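Subject: Handover of a structural model

Dear colleague,

Please find below the model that I am handing over to you, with the sequence alongside. My findings follow it.

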2 protein chains.
Amino acid sequence: MARPGGRSARVQEAVHAAVRELEAEQGREALTVPAVAARAGVTPSTIYRRWGDLQELLSDVAVERLRPEEAPADHGSLHADLSAWARHFLDEMASPSGRAYIRDALLGDPDGANAGQCSAYAADQVEVILARATERGEEVPGVEAVMDLVVAPMMYRILFRPGRLTAAYADHLVQTALTSVAPPR
Amino acid sequence: MARPGGRSARVQEAVHAAVRELEAEQGREALTVPAVAARAGVTPSTIYRRWGDLQELLSDVAVERLRPEEAPADHGSLHADLSAWARHFLDEMASPSGRAYIRDALLGDPDGANAGQCSAYAADQVEVILARATERGEEVPGVEAVMDLVVAPMMYRILFRPGRLTAAYADHLVQTALTSVAPPR
């Protein structure tokens, strides 16, 4: 495809930046393809050719914003690491901007690639936590079990079932996931 | 609001039917507000006034299609009832039309009411199964635990994380939910 750092990457960066700036300055309603193109210094047809329509562009921008900026912090144990990460994830995703990004990511994503990328970001973070715990000699659940028991319930409730979205809820989910590997005796 | 069976209900039924018919006959691309209005025998402004735009209308139609048609079957035990229901739910929701309805329901739903209704349909079905098991004297998990452990992982994977969507996966989730109330000794 395009060379990294080439024209294609520059266009993408300029267009993504234009979306973020226009939205911050003038709000969501200001986001039209002609307005984004003018701000980015490209023609509208460049945007239509590359993204199809505004919704697909907003989906790409949303996924980029949902990309975690750093590796999960090391708090010394699997339980502490996973709880801290789950609380942080819930905070971000359940916030008004998090909800808007999830929604945008899903909406302009006919083939599911962007939704899959969101899930991959979360799974990558979980894997870092699990690998670190394994190195410590802790017993760990599988990454897919953590996706089912911790990530899925939070995302499901954010999208479909309001309420319950507290730090205590995140802790409860982590507890369930960890109990599934080491059932109480 | 509107009287049941009154003009408002008749308009809704006619417009919903027009969407279903046009989509079946001419495909998704044929769905425009003027075309739906003409088929339903109402004016486009009736549709705009009531639904705002096409996406909100499609969201309402999708939720209506996601409404379960019957109570979950009684197979004689909680495990059998919940497994059969989970397999059926997964089949429907992961099918191409199920995915399209979930997507439509989410997209034209700025206030989350339609997404909440989808979740309420599932919770109602789960409650019927749990109440029946309680009457039999079985130990049962709470409805919110079943939403977290069975419904959420299926819906999360349908939307965000492809793969795994098999009957064996549904069975595995049900097993986990039931083990959470009665841990293996």
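In this predicted model, the C-alpha centres of domain 1 and domain 2 of chain A are 31 Å apart. Domain 1 of chain A covers residues 7–52, and domain 2 covers residues 68–181.

**Chain A as a whole**

Chain A contains nine helices and zero strands, so that its elements, read from the N terminus, are α-α-α-α-α-α-α-α-α. The C-alpha trace of chain A extends over about 65 × 40 × 30 Å along its principal axes. Chain A has 185 residues, of which 45% count as buried. Taking the contacts in chain A between residues at least 6 apart in sequence, 65% join residues that are at least 24 apart.

A:I47 belongs to helix α3 of chain A, which comprises residues 44–51. Is A:I47 buried or exposed? Its relative accessibility is 1%, and A:I47 therefore counts as buried. Leaving aside residues up to four places away in sequence, A:I47 touches A:V15, A:V33, A:V36, A:A37, A:V42, A:G52 and A:L57. A:I47 and A:V11 are separated by 36 residues in sequence, and their C-alpha atoms are 9.2 Å apart in space.

A:W51 is also placed in helix α3 of chain A. Its relative accessibility is 4%, so A:W51 counts as buried. With residues up to four places away in sequence again left out, A:W51 touches A:Q12, A:V15, A:H16, A:E56, A:L57 and A:D60.

**Helix packing in chain A**

How do helices α6 and α8 of chain A pack? Helix α6 (residues 96–107) and helix α8 (residues 143–160) of chain A meet at an angle of about 90 degrees, and their axes are 11 Å apart. α6(A) is therefore roughly perpendicular to α8(A). On the side of α6(A), the contact is made by A:R99, A:I102 and A:L106; on the side of α8(A), A:M155, A:I158 and A:L159 take part. Sorted by class, this contact of α6(A) with α8(A) has five nonpolar residues, no polar residues and one charged residue.

In chain B, the axes of helix α1 (residues 7–26) and helix α3 (residues 44–51) come within 12 Å and cross at roughly 105 degrees. Which residues make the contact? From α1(B) they are B:S8, B:V11, B:Q12, B:V15 and B:H16, and from α3(B) they are B:T46, B:I47, B:R50 and B:W51. By class, the contact of α1(B) with α3(B) has four nonpolar, four polar and one charged residues.

α1(B) itself has 20 residues and reaches 28 Å from its first C-alpha to its last, close to the 28 Å expected at 1.5 Å a residue. The buried residues in α1(B) are B:V11, B:V15, B:H16, B:A17, B:A18, B:V19 and B:L22. The elements that cover them include α2 (33–40), α3 and α4 (54–66) of chain B. After α1(B) comes B:G27, which has a positive phi, near 85 degrees.

Helix α5 of chain B (residues 78–94) has 17 residues. From first C-alpha to last, α5(B) reaches 24 Å, close to the 24 Å expected at 1.5 Å a residue. Within α5(B), the buried residues are B:L78, B:D81, B:L82, B:S83, B:W85, B:A86, B:F89, B:L90 and B:M93.

Most residues other than glycine have a negative phi. A:R164, a residue other than glycine, has a positive phi near 70 degrees. A:R164 lies in the loop between α8 and α9 (167–181) of chain A. With a relative accessible area of 39%, A:R164 is partly exposed.

In chain B, phi of B:R164 is positive and near 70 degrees. B:R164 is found in the loop between α8 (143–160) and α9 (167–181) of chain B, and at 40% relative accessibility B:R164 counts as partly exposed.

Yours sincerely

Key
Residues are numbered from 1 along each chain as its sequence is written. Chains are lettered from A and ligands numbered from 1 in the order in which they are written. This is a predicted model: local features need pLDDT of at least 70, side-chain atom pairs count only at pLDDT 80 or more; totals for chains, interfaces and linings use all residues. Side-chain values use heavy atoms; hydrogens and water are left out. Domain bounds come from an automatic or database domain assignment. Axes are lines fitted to C-alpha atoms, for helices over the stretch in contact, and angles run from 0 to 180 degrees between N-to-C directions. Helices (H or I, at least four residues) and strands (E, at least two) are DSSP runs, numbered from the N terminus. Angles under 35 degrees count as roughly parallel, over 145 as roughly antiparallel, 65 to 115 as roughly perpendicular and the rest as oblique. Contact means heavy atoms within 4.5 Å. Ala, Val, Leu, Ile, Met, Phe, Trp, Tyr, Cys and Pro count as nonpolar, Asp, Glu, Lys and Arg as charged, and the others, Gly among them, as polar. The expected span of a helix is 1.5 Å times one less than its number of residues. Buried means under 20% relative accessible area, exposed over 50%, partly exposed in between (1.4 Å probe, protein chains only).
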